[in-house]
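Me: Could you walk me through how to read some features of this model? I would like the general idea, then the case at hand.

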Amino acid sequence: MKIVAAVAGTVLGVQNPRGQKTLQSTQMGMLHATMYSGEVEVGTPPQKFNVLFDTGSGALLLPSLKCDDPACQGHRRYNASMSNTSMQIGWVDEPTTPLKAGDDRDVKSIQFAAGSASGELVRDRVCFRDLCTMGDFYTMTEESDEPFKWVEWDGVLGLGLPEVSDGKEFNIFNMFIGSRNMKKNVFSVYLGKRMTDEAEITFGDYRPERFEGKLLWTPVTTPGYWQFKVDDVTIGGKAMGYCNSTTGCQGVVDTGSSLLMMPDSILTQVHGVLKIDDNCTKMSSYPTLGFKIGGRNFELTAEDYLDKDATGCWEGMMASPDTGRGPLIILGMTFLRSYYTVFDMAEKQLGFATARQGSAPARDSPGSATVPLKMGRPS
């Protein structure tokens, strides 16, 4: 069975479609986006970048003007000399100390998806529309072709909790909290179901017009990733007993992963019950797949967890990788398209509610900023 995935990847999950088998189908269906990115402004005067907002990592990465790799040259590059608020940083453990001429400095090496990058430390002004703060980040002086050359976005803005960052100054959203200019110390994500639907990330607030009913709040269990307890996996509305009846399973919400990912032992059982045939000919009869969180069942239909067009059928699930945190159920874009999600960094909790599909023009209140997201999918 083919797995549909983005060309990008996060700390939590690698997403690469190359060399995967296609399920043949003659029936039309729905294709979902596998990449979402939006604009951030850096420096004074502002330099605009299109970034992947990634809750599975904890740093802002931008290509540097110093980088002459093809992967950098195909994107907008940060020019420190053109910003009057820019400050070169020498060492991670001295995040607010300017680099002195002739001094040695840290060079950060980063593994990202199937590739790698390395770069230098910089401090500068970072803005989401009218919300701004000072923060530390990495300007990449080297980038591998995979995945950076092939993606539409210029860089990555990590929105994981501070525990996955090199320090609080390197966690951009944490720096926004410290600046005390946001209405609420949250950000929230809405992803439309279709390629033509609206998608957005809101900083400093959440938008009730984007969801139905009330948010269900659940605590973060292990700070770092946005990790929480999943009571159980459900199929056709029935709890399957795949998770421990007392401790449940551990789940993570990851905006940078295009898939649902589960431990191989659970995924094998899910496949056995769903019984998806190679041609996806029984699309309307496949059962719902759900995740019970805080006593509430968050279900996905076959149209949510499968992609389909005239040329084939793809499954939006795969086995979760080893993250060093034990078995994890990773809820990526497949889940986020159906459920509006609020990330509360101050209280270390997550809020989930059924997403309300349709148009809702952004009307930012003071202390909040809604960034529209561009959607993409590898051809």
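Me: What should I keep in mind about the model and its numbering?

Reply: This is a predicted model, in which local features need pLDDT of at least 70 and side-chain atom pairs count only at pLDDT 80 or more, while totals for chains, interfaces and linings use all residues. Residues are numbered from 1 along each chain as its sequence is written, and side-chain values use heavy atoms, with hydrogens and water left out.

Me: How many disulfides does a search of the whole structure find?

Reply: The search finds 4. With the bonded cysteines of the chain numbered in sequence order, the pairing reads 1-2, 3-4, 5-6, 7-8. One of the disulfides joins Cys67 and Cys72, with sulfur atoms 2.1 Å apart; the torsion about its S-S bond is about 80°, so this disulfide is right-handed. Another joins Cys243 and Cys249, where a torsion of about -105° makes the disulfide left-handed.

Me: Is Cys243 buried or exposed?

Reply: Relative accessible area decides: buried means under 20%, exposed over 50%, and partly exposed in between (1.4 Å probe, protein chains only). Cys243 counts as buried at 7%, and Cys249 is buried at 12%. Cys280 is buried too, at 0%.

Me: Where is a cis peptide bond, and what is its omega?

Reply: Look at omega, the peptide torsion. A cis bond joins Thr44 and Pro45, with omega about -5°; Pro45 is found in the loop between strand S1 (35–42) and strand S2 (47–54). The bond from Glu146 to Pro147 is also cis, with omega near 0°, and Pro147 lies in helix H2 (residues 145–148).

Me: What is phi of Lys275?

Reply: Phi of Lys275 is near 50°, a positive value in a residue other than glycine. Lys275 sits in the loop between helix H4 (264–274) and strand S17 (289–293) and counts as exposed at 61% relative accessibility. Lys348, not a glycine either, has a positive phi of about 50°, but Lys348 counts as partly exposed at 29%.

Note on methods: Helices (H or I, at least four residues) and strands (E, at least two) are DSSP runs, numbered from the N terminus. A disulfide is a pair of cysteine sulfur atoms within 2.5 Å.
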